[in-house]
Amino acid sequence: MSRWNNTNVPDFILMGLTDSGEIRVVLFMLFLLIYLITVLGNVGMILLICLDHQLHTPMYFFLTQLSFLDLSYSTVITPKTLENLLTSTKNISFMGCFAQMYFFVFLGAAECFLLSSMAYDRYVAICRPLHYSVIMSTRLCCALLFGSYLIGFMDSSVNLLFMSRLHFCDSNVIHHFFCDTPPVLSLSCTDIYDTQIMIFIFAGCTLMVSLITISVSYVSILYTILKINSTSGKQKAFSTCASHLLGVTIFYGTMIFTYLKPNKSYSLGKDQVSSVLYTIVIPMLNPLIYSLRNKEVKNALIRIIQKREGSRQLK
């Protein structure tokens, strides 16, 4: 049996989502549209927050970073997917595959803890409003952001370290549309038990710690909201975290469905659908969720437009 090690594998082949040429064209058009909306939505959100001084608050500081992560997350996966949908050759180099996997894990883990930081920000805003400006200082916001990226770096580095020690033989065909860890692991001809355990420990800890932080924050928020006497007060308090809660539910729901389940329940079709959701669709949805359901963002957009119209009239 021929055997490759991790230094001489020329490339992998990404099987993609379908073999049908007609369906691939439809998917290409759909994914291209989604990607363009993702780029415009996230870049627009970043520019809007940067241009409007009334949005220079901790909540929108984290939202800027979320838009940056979503944009990067989608860019790591979508362009290569679009290329494979159009061409007959679906090769990806060994280094390209591992680079895609590295940044995918890095950005995904960082987003988990960024969402946790946003949940903590909403907890302080609703449960401790009088101390909000003191607690959510610039120093703490930067520390939370740095911690999110640091954990992402650690997770992706551990993932890459253990994956790079594997040997691959016989098949180089990845039954997926991008280089995700489970399908690449399945190609190894060496024992992957230790690698699976370490990756599961780090990924599981990242997911569970961030989920626990979010859950505790929202339980405290719910308890505080229930103590508010007026209906309008309850609605106002809930509206400040509704967008974040919706984004968290979609993101973690698809992640848990895909990864935290027994191997026997693996289904290529279902897993690919859920992978499309959190790699391609969710980065598009987040700016829509945080803008369409947010009056402050809408008002900021109106202010920017009015300023531009006013400056034109002066000229």
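What follows is a set of questions and answers on a predicted model.

Reader: Which element gives the largest share of the lining of the largest cavity?

Author: The residues that line the largest cavity include Met-15, Leu-17, Arg-24, Lys-90 and Phe-177, and the lining as a whole divides into 4 nonpolar, 4 polar and 2 charged residues. Thr-81, Asn-84 and Leu-85 also belong to the lining. The largest share, 3 residues, comes from helix 2 (residues 58–86).

Reader: What is the volume of the second largest pocket, and which element gives the largest share of its lining?

Author: The second largest pocket has a volume of about 520 Å³, and the elements that give two or more residues to its lining are helix 2, helix 3 (94–127), helix 8 (231–259) and helix 10 (295–314). Of its 24 lining residues, Met-59, Tyr-60, Thr-240, Asn-294 and Glu-296 lie nearest the centre, while by class the lining has 10 nonpolar, 8 polar and 6 charged residues. The largest share of this lining, 7 residues, comes from helix 8.

Reader: Is Tyr-278 buried or exposed, and what is its relative accessible area?

Author: Tyr-278 is found in helix 9 (residues 268–292), and it forms one aromatic cluster together with Tyr-73, Phe-104, Phe-177 and Phe-178. Not counting residues up to four places away in sequence, Tyr-278 touches a set of residues that includes Asp-180, Thr-254, Met-255, Thr-258 and Pro-283. Because residues under 20% count as buried, Tyr-278 is buried, with a relative accessible area of 0%.

Reader: Where is Asp-180 placed, and which residues is it in contact with once its neighbours within four places in sequence are left aside?

Author: The place of Asp-180 is in the loop between strand 5 (173–174) and helix 6 (181–185). With a relative accessible area of 3%, Asp-180 is buried. Leaving aside neighbours within four places in sequence, the contacts of Asp-180 are Phe-104, Tyr-259 and Tyr-278.

Reader: How many Å separate the C-alpha atoms of Tyr-123 and Thr-224?

Author: Tyr-123 lies in helix 3 and counts as partly exposed, at 24% relative accessibility. Apart from neighbours within four places in sequence, Tyr-123 is in contact with Arg-128, Ser-217, Ser-220 and Ile-221. Although Tyr-123 and Thr-224 are 101 residues apart along the chain, their C-alpha atoms are separated by 9.4 Å.

Reader: What distance does helix 1 reach from its first C-alpha to its last?

Author: An α-helix has 3.6 residues a turn, so residues three or four places apart point the same way. In helix 1 the buried residues include Arg-24, Leu-27, Phe-28, Phe-31, Ile-34, Tyr-35 and Thr-38. Helix 1 (residues 21–51) has 31 residues, and against the 45 Å expected at 1.5 Å a residue, its reach is close, at 44 Å.

Methods:
Residues numbered from 1 in each chain as written. Predicted model: local features only at pLDDT ≥ 70, side-chain atom pairs only at ≥ 80, totals over all residues. Heavy atoms only, no water. 1 Å grid on protein atoms, 1.4 Å probe; cavity = no way out; pocket = protein on both sides within 12 Å on 5 of 7 lines; lining within 4 Å. Nonpolar A, V, L, I, M, F, W, Y, C, P; charged D, E, K, R; others polar. Phe/Tyr/Trp six-rings, centres within 6.5 Å; stacked < 30°, edge-to-face > 60°. Buried < 20%, exposed > 50% of the residue type's maximum accessible area, 1.4 Å probe, protein only. Contact = heavy atoms within 4.5 Å. Expected span 1.5 Å × (residues − 1). Points joined across faces, edges and corners; volume = space filled by probe spheres on them.
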